Amino acid sequence: MEDTLAAAVRAALAALPDLPDDFDAEAVEVEFQTPNDPTHGDLATNVALQLARPLRRSPRAIAEGVAERIEVDPTRVAAVEVAGPGFLNIRFASAHLTAGLAELLTQGERYGRVTDHDGETAIVEYVSANPTGPLTVGHGRNAVLGDTIANLLDWTGYDVVREYYFNDAGRQMRVLGQSVRARYDGIVRPDGPTKTLEDGLEVPASFPDDGYRGEYITDVARGLAEEHGDALLDAEDEAPFKEAAEKAVFAEIMATLGRLGVEMDSTFNERTLYEGDPAPVWDVVETLKAKDLAYEEDGAVWFKTSALGKTDSRDGEEEGKDTVLVKSSGEPTYRLPDIAYHLDKLGRADLVLDVFGADHIATYPDVVRGVEALGGDADAIEVVVYQFVTLVRGGQPVKMSTRKATYVTLDDLMDEVGEDVTRFFFLMRAPGTHLEFDLDLAKEASEKNPVFYLQYAHARIASIERKAEETGLDASAEADLSALDHESEEALVKTLLQFPDEVRTAAGARAPHKLATFLRDVATAFNAFYRDCRIVGEDEPLATARLKLARATRTVLKNGLTILGVTAPEQM
RNA sequence: GCCCUCGUAGCUCAGUCGGAUAGAGCGACUCUCUCCUAAAGAGUAGGCCACAGGUUCGAUUCCUGUCGAGGGCGCCA
């Protein structure tokens with residue numbers, strides 16, 4: 001529609017009298033926007049304002065010239081008007097709307113899918129928490145954002161892989177194993193030596209100072225004690241404890257994600273980057289060395305990021321800064337496997353999207369430099385960075401400490417406010433803003449809750465459909481959609497027909513909240529229609545047409561909620 | 001010190017590829033159910049779009065600076 005109109009506007013521009021010789025109407029970019037004010041029509045363009053200078057005449061004169069000469073399909077466009085300082089406002093014909101509505105109903109649960117990226121593949125990496133403990137509220141925002149962005153990409157044609165990257169070989173996991181072992185000691189030898197940590201917690205003497213204190217550690221230890229008795233006291237290292245903990249924690253993480261509606265397609269263990277010949281990580285090091293972008297010094301391997309633009313001005317003096325890839329202990333820093341991992345992903349997909357918190361943003365430039373240096377297409381890598389979540393209860397922030405295990409877990413949150421609310425609250429704000437999660441609004445004031453507003457509208461339509469069926473209305477019958485000429489009906493139809501474009505916009509911006517905002521507009525437009533137009537009780541042709549409109553609304557709400565991962569209930 | 005994100009109504013936030021009168025929810029105050037779900041709807045009040053410059057026919061939107069909030073700057077992840 002917009003492309004056709006743009007061509008028509010260009011043709012009209014070309015037909016204007018007394019044009020300068022160097023003016024090429026075909027080269028003019030004609031962009032349309034949807035006016036805020038409905039009296040300004042359905043689409044508007046500001047070409048006349050932009051051409052005022054090159055054409056050296058007033059914007060209104062240009063706009064009027066175009067409006068007089070433009071040729072449009074009268075079944076699609078009802079009017080082209082000049083308004084304000086020189087805007088061209090386009091008003092749709094009602095036949096355009098009924099055609100769109102019929103198409104919506106035909107497509108049903110596929111309505112809103114677009115084909116822009118058919119044939120392209122995307123890997124969305126999210127959650128990626130190492131299995132050291134239960135998922136936190138912060139992981140929740142990550143999981144829901146990643147999952148929903150993956151859904152949006154899917155709806156724009158991408159073949160999407162949802163991937164979880166983790167590492168069970170590092171220091172964190174070693175401490176986890178030691179923590180479990182200490183708890184195990186305490187259980188099988190209740191009279192063994194203990195110590196008191198600085199915050200007053202009494203633990204077995206072998207408990208690491210930076211150990212994990214959560215109750216789940218003791219649970220794993222208790223399970224081992226029940227299964228093996230005290231036989232593990234003589235274990236050579238913490239390996240059996242680590243493995244038991246990893247297995248238990250991973251099962252818990254996946255169960256938590258499942259509650260949120262998040263199902264991963266693939267888990268990628270960092271360890272695999274050290275396997276094979278050559279192993280991907282060492283291949284990265286060798287290749288960088290061969291390109292003179294890596295060198296050894298003080299027993300470590302350095303990535304010459306100074307030559308690629310990285311600087312450090314902490315001391316006031318701007319100077320180049322290199323980055324350690326392999327510590328003098330022989331152990332790589334996280335950057336090396338990250339680079340190898342992204343190269344691996346680029347080999348598997350056209351778009352590589354990472355979702356991570358603001359605290360990890362500094363890792364991204366090094367990965368990009370590494371990928372570029374090795375000839376990878378760094379432009380295909382995108383990062384969605386989200387800010388932290390603050391839980392608020394009674395107007396006060398909820399204090400959380402990971403070390404002391406006083407944080408609220410994602411499961412706790414879902415227990416308290418429900419899965420749908422959790423999901424929606426994480427999605428309704430732009431990723432880059434600090435999210436304030438108001439537990440009181442999420443739970444106690446459920447009728448004021450934005451997620452219920454959408455679900456209620458959907459349930460209300462389902463209720464109307466049940467009622468209509470009882471009174472003998474046939475929703476599948478042919479209907480003359482042109483009977484829908486009430487102001488509220490037309491406004492609702494126009495809103496519904498924006499859905500595919502809203503999907504496209506939200507997906508392109510990697511911004512699920514845009515879809516959430518749109519769905520609220522849909523529900524509001526439906527409520528206005530519900531107020532003004534009855535269905536059951538009207539004469540049959542009109543009632544059937546309105547029933548179709550209600551069905552169309554339900555389709556858009558359902559499809560939108562499905563993308564967001566929120567349920568669309570039949571009744572509430 | 002430097003880098004990143006952010007600053008819009010009392011509160012939480014949309015909006016901004018530069019456009020015509022800056023929006024919603026919550027909170028406050030009025031109203032509306034003999035009627036398909038009132039978990040709704042109608043209305044009132046509430047804004048120097050942090051501040052100061054610049055670019056432009058036009059700036060909340062782009063640029064620079066200042067102030068304020070959060071995050072980051074390791075041979076930790």
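Colleague: Which residues lie nearest the centre of the second largest pocket?

Modeller: The lining of the second largest pocket consists of 40 residues. On a 1 Å grid over the protein atoms alone, a pocket is an open set of points where a 1.4 Å probe fits, with protein on both sides within 12 Å along at least five of seven lines, and lining residues have an atom within 4 Å of a point. Nearest the centre of the second largest pocket are Thr34, Phe92, Lys494, Leu497 and Gln498.

Colleague: On what basis is the structure described, and what pLDDT do local features need?

Modeller: Residues are numbered from 1 along each chain as its sequence is written, chains are lettered from A and ligands numbered from 1 in the order in which they are written, and side-chain values use heavy atoms, without hydrogens and water. This is a predicted model in which totals for chains, interfaces and linings use all residues, side-chain atom pairs count only at pLDDT 80 or more, and local features need pLDDT of at least 70.

Colleague: Which element supplies the largest share of the lining of the second largest pocket?

Modeller: At least two lining residues come from each of β1 (32–33), α4 (94–107), α16 (487–497), α17 (499–508) and α18 (512–532). These are DSSP runs numbered from the N terminus: helices (H or I) of at least four residues and strands (E) of at least two. The largest share, 7 residues, belongs to α16.

Colleague: How many residues of the lining of the second largest pocket are charged?

Modeller: The lining of the second largest pocket includes 15 nonpolar and 13 polar residues. Ala, Val, Leu, Ile, Met, Phe, Trp, Tyr, Cys and Pro count as nonpolar, Asp, Glu, Lys and Arg as charged, and the others, Gly among them, as polar. The number of charged residues in the lining is 12.

Colleague: Is Ser488 buried or exposed?

Modeller: Ser488 has its place in helix α16. Buried means under 20% relative accessible area, exposed over 50%, and partly exposed in between (1.4 Å probe, protein chains only). Because its relative accessibility is 9%, Ser488 is classed as buried.

Colleague: What part of chain A do buried residues make up?

Modeller: Chain A holds 19 helices and 19 strands. Its C-alpha trace spans about 90 × 65 × 45 Å along the principal axes. Of the 572 residues in chain A, the buried part is 49%.

Colleague: Why is the pair of Phe425 and Phe437 described as it is?

Modeller: The structure holds 14 aromatic pairs; rings of Phe, Tyr and Trp (its six-membered ring) pair if their centres lie within 6.5 Å, and planes under 30 degrees apart count as stacked, over 60 as edge-to-face and the rest as tilted. The ring centres of Phe425 and Phe437 are 5.0 Å apart and the planes stand at 35°, so this pair is tilted.

Colleague: What is the phi of Asp18?

Modeller: Asp18 lies in the loop between α1 (2–14) and β1. With 72% relative accessibility, Asp18 counts as exposed. The phi of Asp18 is positive although the residue is not glycine, with a value near 55°.

Colleague: And what is the phi of Arg56?

Modeller: The loop between α2 (47–55) and α3 (59–69) contains Arg56. Arg56 is exposed, its relative accessible area being 70%. Arg56 is not a glycine, yet its phi is positive, at about 50°.

Colleague: How far is the C-alpha atom of Ala129 from that of Tyr164?

Modeller: Ala129 sits in the loop between β5 (121–125) and α5 (137–155). With a relative accessible area of 7%, Ala129 is buried. Ala129 and Tyr164 are 35 residues apart along the chain, and their C-alpha atoms are separated by 8.0 Å.
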